[in-house]
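Reader: I'd like a close look at the ligand site here, with a bit of the surrounding protein for context. Take me through it in one go, please.

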Amino acid sequence: MAELPKYDVVSIEDLSLDDIERVFTLADEFAAALSEKRPLNLASGLIMATLFYEPSTRTRLSFESAMHRLGGSVISSAEMAASSAAKGESLADTVRVVSAYADLIVVRHPYDGAARVAAEYAPCPVFNAGDGSREHPTQTLCDLYVLLKKKGHLKGLTVAICGDLTFGRTVHSLIYALARFGANIVAVPNRGMAVPDYVLARLAAERGYSFSTVTMSELKSLAGGLDALYLTPSAPHQMALFTADMPLDAIRTGGEAPVALDAFYVTRFQHERRAPGERERPEYVHFDAGALKTSRTQEAVVMHPLPRTDELAYELDSDPRAIYFEQAAAGVPVRMALIAWLLENAGKPRTRPEPEQPLIRFRVGTAPRCANANCITRHEGRYLHARFRLAPAVNRTVLMLRCEFCEREVKVEYVGHARSRRYYRFDEGLYGYVRQWIDEQSLVIFDDVKQAEESGYGPYRRGPQREVMNADEIARATGALAAQMIADLPDLAAVSLLGVVSRGAVLAMRLRELIRSQTGIAPPCAALDVHTGPEGLHPLDGSESFEVEDRTIVLVDDVINSGWTVQRAMATLWKRGRPAAVKVAVLIDRGHRAIPIRANYVGKNIPTARAERVMVRLGEHEAAAGQKPIDRVVIYSLVETLKQSGEAG
Ligand code: NCD
């Protein structure tokens with residue numbers, strides 16, 4: 001009897017695209033075997049336990065049917081409320097015990113992140129059958145499998161997801177998967193039920209999706225063919241995920257053919273995930289055949305994870321475009337395929353990339369709790385502590401911590417340094433320090449000043465600010481940089497720009513534009529995050545990849561302080577390939593170094609004292625007419641220097 005490998009499927013992200021494709025191939029085989037009534041015994045001798053702490057029909061019965069069809073057997077606690085959980089047994093203990101009785105555990109739970117906990121404590125593999133409002137990855141496999149069957153491909157499809165996008169866990173897994181397959185996503189939230197920020201932030205940082213919102217009435221006008229909605233990716237790979245607050249006109253980019261919708265994914269109101277006072281169903285989406293009558297929607301299929309309540313008209317059921325019962329039916333072959341995929345991988349250690357961000361180890365007594373009241377860590381606190389990593393950020397103006405279990409992100413307002421017992425309101429100039437404090441395990445975070453002071457921390461004081469460059473001076477210095485580069489670099493066609501996140505990346509794109517306007521050559525341009533290793537390199541110019549081999553790379557940053565950042569950037573760069581040459585361009589050279597690194601191109605020399613801090617602000621976009629540009633450079637000093645932790649940046 002094969003031993004199942006410890007491959008947990010807690011998030012849809014636990015499966016690579018290859019894994020998903022393999023599961024679909026297997027599902028095809030099992031669908032054929034089922035229709036031919038061919039008996040199978042692949043899982044003979046294996047036992048699956050289903051632990052459902054929440055009601056279920058489809059997910060549980062199709063998992064159980066899948067295991068039986070494969071010749072395996074199933075044990076189940078009919079109602080977890082009737083099990084030891086009712087006596088107060090922890091989830092960790094339950095899964096440890098059950099894994100002595102079964103080879104595979106399928107768990108559904110009302111708390112966000114519960115499946116992650118089960119996976120950590122169970123020695124056998126764990127499949128997440130829905131944890132709170134977080135994810136439901138196996139439902140997504142069924143959804144994608146059927147959608148792919150109907151449309152032949154996933155890349156480039158445009159899928160409108162409607163209803164309760166805040167608490168619908170099937171929605172979250174589906175969005176992550178569609179983004180990975182390169183689909184366009186139109187989010188059509190019911191009023192007040194938008195895709196949560198933590199999901200959007202993750203899509204922006206990890207998949208380069210940009211957002212804006214359409215309301216249901218706007219979608220109706222689209223469906224009515226009154227207004228043209230161009231769902232145009234702003235850059236290859238940068239698909240549009242449309243959410244609230246942006247008028248349709250702003251989305252329209254013109255020139256391209258309007259895109260038809262390929263699918264509607266309708267979801268029910270998740271009353272049970274809301275506070276008792278908010279469970280009354282509000283005015284809610286009602287989807288009927290009318291929405292499928294326009295030229296842009298007539299090819300769309302209608303999907304639903306089921307169960308439906310009132311959001312989907314029964315009259316649709318006989319329409320061949322309604323495929324929700326096929327999604328439900330796919331539950332058996334797809335879940336058989338998932339079990340078979342486990343069996344195929346028996347004996348193969350799972351290789352998974354290390355998370356980009358390190359785990360933050362807080363000192364005893366200083367770990368914050370997760371801000372999400374539905375996070376499993378808030379309910380199983382006897383043995384479980386919240387764990388955080390820095391959330392990958394699009395920029396560094398805010399510091400976000402992401403809970404390892406529920407993935408909710410919390411914004412950090414105040415940071416402290418445990419050894420010097422000083423606290424500081426976070427600003428982007430502190431990012432480098434915070435990274436260092438994480439490495440040396442001295443980061444403390446506070447909600448507010450009161451909490452910091454009650455914990456015995458005193459404020460870092462900041463001296464007066466002095467503006468040393470305004471927008472015009474920055475423009476002049478950037479122009480000077482571009483001119484130096486054009487004069488010095490003989491073959492601009494062999495040059496690529498690499499901006500250090502975050503200000504250096506903005507600067508690199510500006511330099512690219514200046515070089516293009518003066519020479520007609522637009523060098524390839526990418527951003528490099530020195531805190532995330534070789535994966536932290538992302539093209540900024542819309543191209544698929546950024547070549548390093550044999551190129552002349554100009555590393556661009558806003559300020560050269562100690563030289564440490566430049567050194568780290570170079571080390572990262574070399575891991576990606578061997579450039580012909582590396583040059584360094586900085587807007588501001590402060591004139592002192594800890595390591596011997598010299599900039600080749602300098603916008604302006606501003607000699608400063610070591611304890612002074614230089615903060616550069618550069619707007620990502622041109623300031624609109626009548627608006628003041630935000631570009632400026634200020635110098636200030638810390639009255640209390642950060643000398644205990646050395647100098648970052
Ligand atoms: C979904 C779930 O439980 O999240 N149901 C399912 O598994 N098909 C959707 C829902 O309950 O609305």
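Before we zoom in, what percentage of the 649 residues of the protein count as buried?

Author: Of those 649 residues, 54% count as buried, where buried means under 20% relative accessible area, exposed means over 50%, and partly exposed is in between (1.4 Å probe, protein chains only). A word on ground rules: this is a predicted model, so local features need pLDDT of at least 70 and side-chain atom pairs count only at pLDDT 80 or more, while totals for chains, interfaces and linings use all residues. Residues are numbered from 1 along each chain as its sequence is written, and side-chain values use heavy atoms, with hydrogens and water left out.

Confidence comes next. The pLDDT (the predictor's confidence in each residue, from 0 to 100) averages 85 over the protein, and 87% of the residues score at least 70. Over residues 223-258 the pLDDT is below 50, yet this stretch has 91 contacts in the model beyond near neighbours in sequence; a contact means heavy atoms within 4.5 Å.

Now the ligand. Around it sit R58, T59, R108, H136, Q139, R169, T170, R268, Q270, P305, L306 and P307, a residue being near a molecule if one of its heavy atoms lies within 4 Å of it. By class, that shell has 3 nonpolar, 5 polar and 4 charged residues (Ala, Val, Leu, Ile, Met, Phe, Trp, Tyr, Cys and Pro count as nonpolar, Asp, Glu, Lys and Arg as charged, and the others, Gly among them, as polar).

As for polar contacts (pairs of N or O atoms within 3.5 Å; within protein, one must be able to donate a hydrogen and the other to accept it, and residues adjacent in sequence count only if both atoms are side-chain atoms), a ligand oxygen is 3.1 Å from an N or O atom in the side chain of R108. A ligand nitrogen is 2.9 Å from a polar backbone atom of P305, and a nitrogen of the ligand is 3.0 Å from a polar backbone atom of L306. Taken alone the ligand exposes 310 Å², and the protein buries 95% of that; accessible areas come from the Shrake-Rupley method with a 1.4 Å probe, and for residues only the protein chains shown count as cover. Helix 2 (58-69) and helix 6 (169-181) are the elements that give two or more residues to the shell. Helices (H or I, at least four residues) and strands (E, at least two) are DSSP runs, numbered from the N terminus.

The peptide bond from L306 to P307 is cis, with omega near 5 degrees, and P307 lies in the loop between strand 10 and helix 10. H304 has its place in the loop between strand 10 (301-303) and helix 10 (324-344). H304 is buried, at a relative accessible area of 1%, and its side chain makes a polar contact with the side chain of E311 at 2.7 Å. Leaving out residues up to four places away in sequence, H304 touches V266, T267, R268, E311, L312, Y324 and Q327. One of these, R268, also belongs to the set around the ligand.

Stepping back, the protein has 15 helices and 26 strands. Among its contacts between residues at least 6 apart in sequence, 73% join residues at least 24 apart.
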